[in-house]
Amino acid sequence: MSPSLDSGQTPAPAAAPDSSDTTRERILAAAMEEFARHGIAGARVDRIAKLARTSKERVYAYFRGKEALYAHVAARELSVIAEATQIDPSDLPGYAGRLFDYFTARPDHHRLITWGRLELADAAATEPDPTRAVITRKLDQLRQAQQAGQLNPAWDPVDILALVNQIATTWADQPALTEAATEHAADSTTAARRAAVVTAVEQLFPRAA
């Protein structure tokens, strides 16, 4: 995958500064906001630099281009999500509730990850994908739970993870329906939407006794 550059500028070689560098952290924070709002193709490095109170050249000194910067931001966010919403194969309803809570409180984070899925869908399989390691680890945990008798072994772990993730992010994936729920749902509260998510997962994958 070739780096995406604004206005054809040739970037400087990528640097490897200390992760505590404040300029680098400002760049990452600004990039997260820019990518969440505009996606990868629509994001502009000059806007990221301005928001980070630095120069475009400085951004390129840390990252080769927009795609490299997005990959770093997305990988870091996925790590934060994994830590904040750790999967417990013996309590998948609880896991679904944590995912719901995370993305309900941070819709911009959900948009950030979704842009990558849409815009990098055709990326070469050899390109680094920060989601693969997370998925593999969760699938291993589900298999272990099945072997321990905590989870129905009739289900393929891949299907379990896909269904639970989809149910948990139903409302984050459908903002228009979320807005309609405030007017048409019998109970329009966020708590009601969360309860529906947890109940749906509970009926498919009951908590281990």
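**Exercise 1. Determine the pattern of secondary structure along the chain.**

Solution. Read along the sequence, the pattern is α-α-α-α-α-α-α-α-α-α-α. The chain has eleven helices and zero strands; here helices (H or I, at least four residues) and strands (E, at least two) are DSSP runs, numbered from the N terminus. The model is a predicted one, in which local features need pLDDT of at least 70 and side-chain atom pairs count only at pLDDT 80 or more, while totals for chains, interfaces and linings use all residues. Residues are numbered from 1 along each chain as its sequence is written, and side-chain values use heavy atoms, with hydrogens and water left out.

**Exercise 2. State what share of the chain is buried, and describe the largest nonpolar core.**

Solution. Step one concerns burial: of the 209 residues in the chain, 37% are buried. Buried means under 20% relative accessible area, exposed over 50%, and partly exposed in between (1.4 Å probe, protein chains only).

Step two concerns the core. A nonpolar core is a set of buried Ala, Val, Leu, Ile, Met, Phe, Trp, Tyr and Cys residues joined through side-chain atoms within 4.5 Å. The largest one has 47 residues, and those with the most contacts inside it are Ile27, Phe35, Leu69, Leu92, Leu112, Leu142 and Val164. Helix H1 (residues 22-42) supplies the largest share of this core, eight residues. In soluble globular proteins, nonpolar side chains tend to be buried together.

Step three takes up Leu142. Apart from its neighbours within four places in sequence, Leu142 is in contact (heavy atoms within 4.5 Å) with Ile87, Pro89, Leu92, Leu151, Pro157, Ile160 and Leu161.

**Exercise 3. Find the aromatic pairs and describe the one formed by Phe35 and Tyr70.**

Solution. Rings of Phe, Tyr and Trp (its six-membered ring) pair if their centres lie within 6.5 Å; planes under 30 degrees apart count as stacked, over 60 as edge-to-face and the rest as tilted. The whole structure contains four such pairs. In one of them, Phe35 and Tyr70 are edge-to-face, at 5.3 Å centre to centre with 90 degrees between the planes. This pair links distant parts of the chain, since Phe35 belongs to helix H1 and Tyr70 to helix H4 (residues 66-84), 35 residues apart. Phe35 counts as buried because its relative accessibility is 0%. Tyr70 is likewise buried, with a relative accessible area of 4%.

**Exercise 4. Describe the surroundings of the Tyr102 ring.**

Solution. Tyr102 and Phe103 form an edge-to-face pair, 5.4 Å centre to centre, with 85 degrees between the planes. Tyr102 counts as buried because its relative accessibility is 5%. The charged end of Arg106 sits over the ring of Tyr102, 4.2 Å from its centre; this requires NZ of Lys or CZ of Arg within 6 Å of the ring centre and within 35 degrees of the ring normal.

**Exercise 5. Explain why Arg53 counts as exposed, and give its phi.**

Solution. First, locate the residue: Arg53 lies in the loop between helix H2 (45-51) and helix H3 (56-62). Next, Arg53 counts as exposed because its relative accessibility is 63%. Finally, phi of Arg53 is near 60 degrees, a positive value in a residue other than glycine. Most residues other than glycine have a negative phi.
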